[in-house]
Amino acid sequence: MTTAEAYEELRPLMFSIAYRMLGQASEAEDVVQEAFLRYHRAQADDDGSGARIDSPKAYLSSVTTRLCIDYLRSARVRREAYPGQWLPEPLMTADPLTGAAGPDPADLAEQADSLSMAFLLLLERLSPVERAVFLLHDVFSYGYDEIARIVGKNEDNCRQLAARARRHVGEHRPRFEASRSKREELAARFFSAVGGGDMDGLVSMLAEDVVVYGDSGGISPSWPRPIVGRDRVIRLLLGIADQIRQAGVSVRPAEINGQPGARVEDQEGRLINVFVLDIADGQVQTLRSVINPDKLRHLGPLADVQGLRRLLRPSG
């Protein structure tokens, strides 16, 4: 299989693995590019002779996973020092308004919940190797014999790592509304209520212990700590609604990381931030906002957030 053929066939799977391993779209893309570069080099060295690769999928899976493990080991310290709350880079998986699918990884996802921010944050608690073994087996259906060769451990060790990870994930696994249509319908009403400043509507849709998380990378505006409780969250959302009206920005529903969410855009359609909802039991349980521009660049042109903030300041 030529590099071009392998790239066409296997890139979506490699990106799916890398994104779930890292929780970062840009770094996942870099890892995938490096894996295919190594595949190309392995096929043809400087004198033109080629090395036989019996299974391109096995080779690329091994390289991709090992690169991700190395990255996670070096990234752990950086994430601990991250200013404020760290959230995964959002991934557009569908647009409910147009029905258009998002990037290739979503097309491969048999379980959309494994793309959710809540699930990716849960995986952060696992060691890099545990994360790799769990994802390869439980999400991507690799056999333990394949996984053992990828991570450099024997099959029994891999089974033990997977079992330990599975127990941990099972104890803390987030709950989501089972019905996709109900999630989308509630999300549409929620963002409509936010845009219209409808406090009564928000009260009925928010869980009593709802939590808001914000990732700004330390750049203002920021919410450095979680905002907990219905009353505090409603005050926050009403403030956001007032800013939306003043700045003339729009809230556009979208599916993000397999969950209902929205893109907040300026009048020229440039992205300000994204919101993602966790919905269960007919209410919004968690609201996550990513406004860090470094985590949004892969989603399109970005708005001048600081310029918009100046519009909101009273004269003088």
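Which handedness does the crossing of H1 and H3 have? In the predicted model described here, local features rest on residues with pLDDT of at least 70 and side-chain atom pairs count only at pLDDT 80 or more, whereas totals for chains, interfaces and linings use all residues. Residues are numbered from 1 along each chain as its sequence is written, and side-chain values use heavy atoms, with hydrogens and water left out.

The crossing of H1 and H3 is right-handed, a term applied when the near helix is turned clockwise from the far one by less than a right angle, anticlockwise being left-handed. Helices (H or I, at least four residues) and strands (E, at least two) are DSSP runs numbered from the N terminus. Two packed helices are described by the angle between their axes and the distance between the axes. Helix H1 (residues 3-22) packs on helix H3 (residues 56-80) at an angle of about 25 degrees, their axes being 10 Å apart; axes are lines fitted to C-alpha atoms, for helices over the stretch in contact, and angles run from 0 to 180 degrees between N-to-C directions. The contact (heavy atoms within 4.5 Å) includes Leu 10, Met 14 and Ile 17 of H1, and Leu 60, Thr 64 and Leu 72 of H3.

The axes of helix H7 (residues 144-151) and helix H8 (residues 155-172), by comparison, come within 9 Å and cross at roughly 95 degrees, so that H7 and H8 are roughly perpendicular to each other. Among the residues that meet are Tyr 144 and Ile 147 in H7, and Cys 158 and Arg 159 in H8.

In helix H12 (residues 305-312), the buried residues (under 20% relative accessible area; exposed is over 50%, partly exposed in between, with a 1.4 Å probe and protein chains only) are Val 305, Gly 307 and Leu 308. They lie on the same side of H12 because they cover an arc of only 160 degrees around the axis, taken from the directions from the helix axis to the C-beta atoms. These buried residues pack against helix H11 (230-247) and strand E7 (271-280).

Most residues other than glycine have a negative phi.

Technical notes. Angles under 35 degrees count as roughly parallel, over 145 as roughly antiparallel, 65 to 115 as roughly perpendicular and the rest as oblique.
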